[in-house]
Protein chains: 2
Amino acid sequence: MSSNLNIGSGGDVTAPTPQNTPLNQAPISLGLSRPTVPDIEEDNEDDGEGKLAGLVGRSSGYIESLPVEVKHNVQGLVGIQTKQNELQNKYKLECLELERKYLGLAQPLYERRKAIINGSQPATKEEVELGEEASLKDDEEYEALPKEVEASSTGIPEFWLTALRNHIGIGELITDRDAEALKSLVDIRIQYLADDTDEELKGKPGFKILFTFSPNDYFENEVLTKTYVYQSQVSFTGDFLYDRAIGTEIKWKEDKDLTTEFEIKKQRNKTTNRTRLVRKAKPADSFFNFFTPPVPPSEESIEAGDFEDEELEEIEDKLEMDYQIGEDLKEKVVPHAIDYFTGKALEYDFDEEDEDDYELDEDDDEHDHDHDDDDSESDAAPAPRRGKKGGAAGGQQVNPEDCKQQ
Amino acid sequence: MSSNLNIGSGGDVTAPTPQNTPLNQAPISLGLSRPTVPDIEEDNEDDGEGKLAGLVGRSSGYIESLPVEVKHNVQGLVGIQTKQNELQNKYKLECLELERKYLGLAQPLYERRKAIINGSQPATKEEVELGEEASLKDDEEYEALPKEVEASSTGIPEFWLTALRNHIGIGELITDRDAEALKSLVDIRIQYLADDTDEELKGKPGFKILFTFSPNDYFENEVLTKTYVYQSQVSFTGDFLYDRAIGTEIKWKEDKDLTTEFEIKKQRNKTTNRTRLVRKAKPADSFFNFFTPPVPPSEESIEAGDFEDEELEEIEDKLEMDYQIGEDLKEKVVPHAIDYFTGKALEYDFDEEDEDDYELDEDDDEHDHDHDDDDSESDAAPAPRRGKKGGAAGGQQVNPEDCKQQ
């Protein structure tokens, strides 16, 4: 088994001169799908004032010094680049179409998976055999299951809850209260907007994640969806840009809203001097906040100075996180759900980052919620069972000081 | 103009538990082209000993506790996943085919660009007009060129040298001596191995970068190539894995090898006690080292313990850097050469990283070579003209302490 390290997203660097800037900071894939969030702060700075635009083309005095006849050639190339950019846009849309084609091809496999998970059509002998072959190939100590036993028609309880918890980003969002509700999550699937039934979305670039639930004590909805719409023009670097995200409004059953918690506070009546207890609602950490995505501020409100730089940064971070979860669900969790369920995926997720390059940002430790299932697995003490680099084989590589929290 | 921030490669984090790990560390594109370097150290640790394999599937005690009937279902899903992985492999190859198709579609534009750059067919009025429209759209202060002047048939001197220098990673590699030779670089183009003439490479996944030179004082070769071969199976996460890189052997003219420098040393004759001067060759920093790619150590030599962990890490870093330059040339510099020439690309390169998330790694400052063209633009003092975030519009965001060197 060959593990691998991601080049592009490694723990690298940005810096403003060629001389102090390493190479693997830049994302690798220009023409390929890596949607990005438009930078709201930068938009603000640039907007209409030409400050930024004024810098364009100044990176080398050499260009300014060129004779005007040569400058004509430079502008000619700029002209040709506009055609190249159009081509790039078409390419990108065709990439998305290709993704969609393969989602279609994978559909029978997803249907089969769903039937096994919910128990309606348990795994066949052939499927189990194929699986055991692969498991043995991965792990020579894998112990074969007794052949005489038949796959159970109870399916695989808590399959999706377990898979989601094993995604290092999503798992962080799932509180113990959420877990109870997520036991009813019976399927997650992806749909491209090209196939959307909503007239407003149909045919736009983007995708939808559909979470199907069995009847549960928490909300009425059978399906919760999260939709990501891309902008129709790709960015300079050929990436799709996110336009917006839309979530289903959850119809919570009475007193079951997981995104709200209640504080009991004492209140004293100023005249009678008697106290009473009041219940005050406040937003709670919850996975289900995923269905209420952050909204980018309007250009007008940014221009009007309604936001501090820090506020804008915070919104941008939230947007990025929201989009990242969406992409990870689409690209990793849904296509590899079984690997997240078994935990195999964790080992690969670690390999994608070189955590030695990071430092723990102690100031920003606010995600250390009290809903850890296992206190021995707290932030500072990586549990051996969490993936390779946190485990025996690579334990020495995990220095808690090297982890940085966002 | 909307700038954008890359989600996936942002300044984020890796950590071994779901609880302390942020979301945007993971690369976004599973199914899309982000080739990765196989991790040589990890291979070593895992090889044959099953240490790593032993950890697989242990991420949740829940799974071990499942009744054997349910475990059959789990193995059934593992079996179905193998089919899904095959599909993913096909998808990936089809992506590469799509890249190739669009390279073909862009070919006439690349030919036109080449003819303008070398002056054989200067830019037409229409091309210049198209370019000036785009330039004005980017920068409202753009001053139109005098219409009565014709584009020069001298082309654009030093076009590729200037473009390469404006790539933040490649620019770092170009010494003043290299620059003299790179003035003769007249074209860079990409070719997929599907179209390769070499029987051994033809049809393999991968690509070749061809650097065409006019006759020069430095070497005999007309074309220098760098070839990147991918492995035929994609990784778990659906990325191509690099197999190897191959560079042209440069036929240096006498005393012109830019990858070697000479030290003059005094040598004392022990018997006569007389000194003489001797010239000793040693490897020199040079862009042209790009054509002598690092070679990954064989599995056998790693197993035999021929390398210290640090050595392996160093080789891995070099491999990553080499592959990154290759990908950047293919995905960014070649398709956007004019934007690198003018410096416009710099502004976007910066946006792709959130440099606030990084820290300068002072220990690792070895790339601060003496071939900076401009001392005012040293590592610690970003020059305002270098892109947006280093410039007036975003100057406050560049804290030298936030830059980290690899």
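Me: In this predicted model, which residue stands opposite I190(B) in strand 4 of chain B?

Reply: I209(B) stands opposite I190(B) there.

Me: How do you know that strand 3 and strand 4 of chain B pair?

Reply: Pairing takes at least two DSSP bridges between two strands. Strand 3 and strand 4 (residues 206-213) of chain B have seven bridges. Therefore they count as paired. The sense is antiparallel.

Me: Which strands make up the sheet, and in what order?

Reply: Four strands of chain B, in the order 3-4-5-6. The sheet is open, and the pairing is antiparallel.

Me: Why are strand 3 and strand 6 of chain B said to stand at the edges?

Reply: Strand 3 (185-192) and strand 6 (242-247) each have a single partner strand, so one side of each has no neighbour in the sheet. From one strand to the next, the twist averages 10°.

Me: What makes helix 4 of chain B a helix that packs on the sheet?

Reply: Helix 4 (residues 68-117) touches strand 3, strand 4 and strand 5 (223-230) of chain B. A contact here means heavy atoms within 4.5 Å. The direction of helix 4 makes about 160° with that of strand 3.

Me: Now chain A. How many helices and strands does chain A have?

Reply: Chain A has 11 helices and eight strands.

Me: What share of chain A is called buried, and why?

Reply: The share is 59% of the 406 residues. They count as buried because their relative accessible area is under 20%.

Conventions
Residues are numbered from 1 along each chain as its sequence is written. Chains are lettered from A and ligands numbered from 1 in the order in which they are written. This is a predicted model: local features need pLDDT of at least 70, side-chain atom pairs count only at pLDDT 80 or more; totals for chains, interfaces and linings use all residues. Side-chain values use heavy atoms; hydrogens and water are left out. Helices (H or I, at least four residues) and strands (E, at least two) are DSSP runs, numbered from the N terminus. Buried means under 20% relative accessible area, exposed over 50%, partly exposed in between (1.4 Å probe, protein chains only). Axes are lines fitted to C-alpha atoms, for helices over the stretch in contact, and angles run from 0 to 180 degrees between N-to-C directions.
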